Amino acid sequence: MTWKPHRRGVLAGIGTASLSLLAAPAIAQAQPRIIIVGGGFGGAAAARFLKAGLPDARITLIEPQKRYIACPFSNLVIGGLRDMEAQTFGYEGLKAVDIDVVQDRAEDVDTTARRVTLGSGGTLSYDKLIMSPGIDIRWGALEGYDEAVQEAMPHAWKAGPQTTLLRDQLEAMQDGGLVVMSVPPAPFRCPPGPYERASLIANYLKTRKPASKLIILDAKDQFSKQPLFLEAWAKHYPDHLEWIGASDFGRVASVDPGAMTLSTDFDTYDADVANVIPPQKAGEIAERAGVADQTGWCPIDPLDFSSTLQPDIHVLGDATIAAPMPKSAFSANLQAKLCALQITRELRGQPLAPTVLANTCYSYVTPDAAVSITGVYSNEGGALSSIEGAGGLSPQGAAQSVRAAEAAQAAAWFDQITRQTFG
Amino acid sequence: MRPRRRTALNVAAALMAAGLLAGACSPGEESAAQAEPSPQAFAGDALQETEPGELLALTCSGCHGGGSEAIPDYSQFDQAELETKLKTYKAEMDGTTVMHRLMRGYSDADITAVAAYLSAQQGSTP
């Protein structure tokens, strides 16, 4: 017997006299053991919302980093507009509500015994496991880009030391230098992220190193918020940013960190600073737990983000196959809340129902102008689908007041989602 | 053979048999008081159908609730005001904000449900 049948009302056959004994608080007292792997926008939010819904559950968050460095807004750090401290969050807010925070690495998952093995060698048993492992780099998937190369050619696609490294390299670069960014094919974390970063690097070059230039070499011809970015680039950075799409042979085929070159099928670019955003996959623990498929990402049932490959495991955030819902912090946080509510309802014997979900992502195009993309999704029928006629981009050609309003909203969003996730 | 998984039901039954459930209190209120701001305790009661507003409202708190000027809190609006505002966003086809684009994905019934849920959560008159 699994917990799943509760969706369809396992309690239906029990007489009303018994039902009155099984009031919600009684079921909530069952102390289920819930383990969450990964303390980002998915995992930390899941822990907090599960604790709110199931105060007597034993909730354990496994996360190796003492402090979480947020990816959203880290492009502002790279652009010299923000300090890393503003990106940094601790787990005090989780510990304060009696969530057990284990600062260790989840090494393996035994899905039969329902046990997580820690880097320290210990094990933890679960009734429910929630995995929000983010992404890992597919080292070697881009020829020449293995783990050692990330020092010479930072990806900065996991916020932290890589973010600082890329910022430092930009600061150290002589005026007149060439910055080259490589963008992989989809799917990857934060679809508009490369183009926001390019905007803010171009802003830095324009204002501080005006003889310098950024070239984006892209494996795609279409990208997120494309008309809005192209409009902003033409307006603000005509001399400092050039985007080369796949049709113009923008796809990088290999890199050489010794020579500091990036090669497409037709050209080789000599970079003074190279930001290689490499191909990605779900965080490696997903593969070891058997929740990732042959694509490297994790299929889920969008009703509650339960794994379709393993029982009693839910997967959240960038690691999942949730398209058209993007790999964003907003998505991860919302998926966490949905998963937590559905698990809460399931444990209380309540049926699960589909709903409408949405995503909003802002991108800065200058220090005081931002653009947004939104999507609205149904999770009915086993797959996420976009609701037609809804969502979409900020208007093209809008006044600076519209862009400035969205920049202010972006900042307010960051404050709210980090407060909600980390306390 | 895989070990038999516990269910919420049989764990609760076992605890009851062991007499461990005396003094069980309301789970929601306790946790809501522990941190400020904290996640809202989920409001559902056992055996009720899913409250559609509760699920729909999960999205709202990704942006709203921080008390900023740029993104208003909905706590300042009662149910009727919320419903009117959300339906206005949906109807204004030339609107420039994310809310205009988002609300077009919600039915009038969704909007009524989410307005009712949000206003009930903050204790204003439904």
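I looked up the spacing of two domains and found the C-alpha centres of domain 2 of chain A and domain 3 of chain A 24 Å apart. The domain bounds come from an automatic or database domain assignment. This is a predicted model: local features need pLDDT of at least 70, side-chain atom pairs count only at pLDDT 80 or more, and totals for chains, interfaces and linings use all residues. Residues are numbered from 1 along each chain as its sequence is written, with chains lettered from A and ligands numbered from 1 in the order in which they are written.

I noted the division of chain A: domain 1 (4–136 + 281–351), domain 2 (147–278) and domain 3 (353–414).

Next I checked contacts, where C-beta atoms, placed from the backbone, lie within 7 Å. In chain A, 14 residues of domain 2 are in contact with 11 residues of domain 3. On the domain 2 side, helix H7 (193–208) and helix H8 (226–236) of chain A each supply at least two residues. H8(A) gives the largest share, six residues. I sorted that side into seven nonpolar, four polar and three charged residues. Nonpolar means Ala, Val, Leu, Ile, Met, Phe, Trp, Tyr, Cys and Pro; charged means Asp, Glu, Lys and Arg; the others, Gly among them, are polar.

Helices (H or I, at least four residues) and strands (E, at least two) are DSSP runs, numbered from the N terminus.

Then I turned to a sheet. In chain A, three strands form an open antiparallel sheet in the order S6-S7-S8. Strands S6 (106–110) and S8 (123–125) of chain A each have a single partner strand, so one side of each is left without a neighbour in the sheet. Strands pair if DSSP finds at least two bridges between them. Strand S7 (residues 115–118) of chain A pairs with S8(A) over three bridges. A:Val116 has A:Leu124 in S8(A) as its bridge partner.

Definitions and conventions:
Two residues are in contact if their C-beta atoms, placed from the backbone, lie within 7 Å.
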